[in-house]
Amino acid sequence: MADVKSRLLTLLIIISALVVVPQLVRAQSAVVDQQTPEQRCGLTQSYLKTVQRPRDLRARVDRLQAYRYIYQRLEVFVVRLEKNDQPNAQKLRTNLDDLDRATDTFRNDYEQYDLAREQLATMKDCHKSIEEFQRKLQVARTQRQKVYEDVARIQNILSPEITTQLDELNTTLMTTEKTRANS
Amino acid sequence: MSSEPLPESNTKPSIFTKLKLNRLSLPGALVCVIIMAGCIVAVGYFLYLQNPNKKYDLARPGQKDNLSLHVEDDEADTTGPVTAAATKQKIEYLNKELSALNSISRFEPEDLNDQNIQLVPADQPSL
């Protein structure tokens, strides 16, 4: 009999837990959802420090490495074209110089953005001056927009500008080699 | 209560006795284990370095280059005229490098919108 009682009690506890716990979680979630920006700015700062910053840092390192890698490989190629007075050397050189400058701009703009995001993430007592927090957030967004535009600019230099010139060069060289082989 | 003779196997010297390991102290045994573990790690790292798929691994802190971008070797010929074949290869390499770039974040402005940075609650999914 005691065994049956203890089993019933266990079952009752499990059923109660199944009913009560989701209600508690929902209630807690509702409380968090109703928080104002003043109450949530700490959460934002924590997100910026622990999630956004490492993500940005990784993207910055990977992009810079990639741009340098592509630049170095293209540089060797363009030097060969220049040394041998081959077509499209001048155009490719111009684009390569643009790529170099755009990469520098990207690096500098990222530093500005990083600084703005850090100032936002480390601002003290954000809940006491939410206007100041919003102002810093706007600065960080503006700086990030610049970095985004730098990335788009570099992407545009690489493709279609450089890829188109390489395609043109390929067509020209194929024609030249065919003509030379026929004559 | 007659005392039985010990089994024969118990009287034989064990492998530990033969190798004189029964005299090994605890620190000595730990050193042996650490050395063996070091050997395993060294062999594992050697195999990793030899693996051609290593370049698809994530770059580690302190490494100079993004390994996923190593799609072309250093050109052997750095002075001779460029041929159509070399140009075609360069186009292929550049396309691969561009595709590797596409997998990296572009610093989209939306990443800092109010919902993403948790300044306002995320929209609840509609049921």
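**Two chains, term by term**

Biologist: Why is D125(A) called exposed?

Modeller: D125(A) has 10 other C-beta atoms within 10 Å. The cut-off for exposed is 12 or fewer. So D125(A) counts as exposed. Keep in mind that this is a predicted model.

Biologist: Where does D125(A) lie, and what is its phi?

Modeller: D125(A) is in the loop between α3 and α4 of chain A. Its phi is near 50°, a positive value, and D125(A) is not a glycine. Most residues other than glycine have a negative phi.

Biologist: Why is Q118(B) called partly exposed?

Modeller: Count the neighbours. Q118(B) has 19 C-beta neighbours inside 10 Å. Buried needs 20 or more, and exposed needs 12 or fewer. Q118(B) therefore falls in between and is partly exposed. This residue sits in the segment after α4 of chain B. Q118(B) also has a positive phi, about 65°, without being a glycine.

Biologist: What is the secondary structure of chain A?

Modeller: Chain A has four helices and zero strands. Read from the N terminus, the order is α-α-α-α. Of the 183 residues in chain A, 26% are buried.

Biologist: How do you know that the length of α3(A) agrees with its residue count?

Modeller: Compare two spans. At 1.5 Å a residue, the 33 residues of α3(A) should span 48 Å. The end C-alpha atoms of α3(A) are 47 Å apart, so the two agree. Helix α3 of chain B, residues 26-50, passes as well: 25 residues should span 36 Å, and the ends are 36 Å apart.

Biologist: Is α3(B) buried or largely in the open?

Modeller: Zero of the 25 residues of α3(B) are buried, so this helix lies largely in the open. Helix α3(A) does have buried residues, including L99(A), F106(A), Y110(A) and L120(A). Their cover includes α2 and α4 of chain A.

Biologist: What makes up the largest nonpolar core?

Modeller: That core has 38 residues. Those with the most contacts inside it include F106(A), V147(A) and I154(A). Helices α2, α3 and α4 of chain A and α4 of chain B each supply at least two residues. The largest share, twelve residues, comes from α4(A). In soluble globular proteins, nonpolar side chains tend to be buried together.

Biologist: Which residues does F106(A) touch, leaving aside those up to four places away in sequence?

Modeller: F106(A) touches V147(A), D150(A), V151(A) and I154(A). An α-helix has 3.6 residues a turn, so residues three or four places apart point the same way.

Biologist: What kind of peptide bond joins S159(A) and P160(A)?

Modeller: The bond is cis, with omega about 25°. P160(A) is in helix α4 of chain A. Most peptide bonds are trans.

Biologist: How many residues does each chain bring to the contact?

Modeller: Chain A brings 43 residues and chain B brings 34. The chain B side that touches chain A has 17 nonpolar, eight polar and nine charged residues.

How values were computed:
Residues are numbered from 1 along each chain as its sequence is written. Chains are lettered from A and ligands numbered from 1 in the order in which they are written. This is a predicted model: local features need pLDDT of at least 70, side-chain atom pairs count only at pLDDT 80 or more; totals for chains, interfaces and linings use all residues. Two residues are in contact if their C-beta atoms, placed from the backbone, lie within 7 Å. Ala, Val, Leu, Ile, Met, Phe, Trp, Tyr, Cys and Pro count as nonpolar, Asp, Glu, Lys and Arg as charged, and the others, Gly among them, as polar. The expected span of a helix is 1.5 Å times one less than its number of residues. A nonpolar core is a set of buried Ala, Val, Leu, Ile, Met, Phe, Trp, Tyr and Cys residues joined through C-beta atoms within 7 Å.
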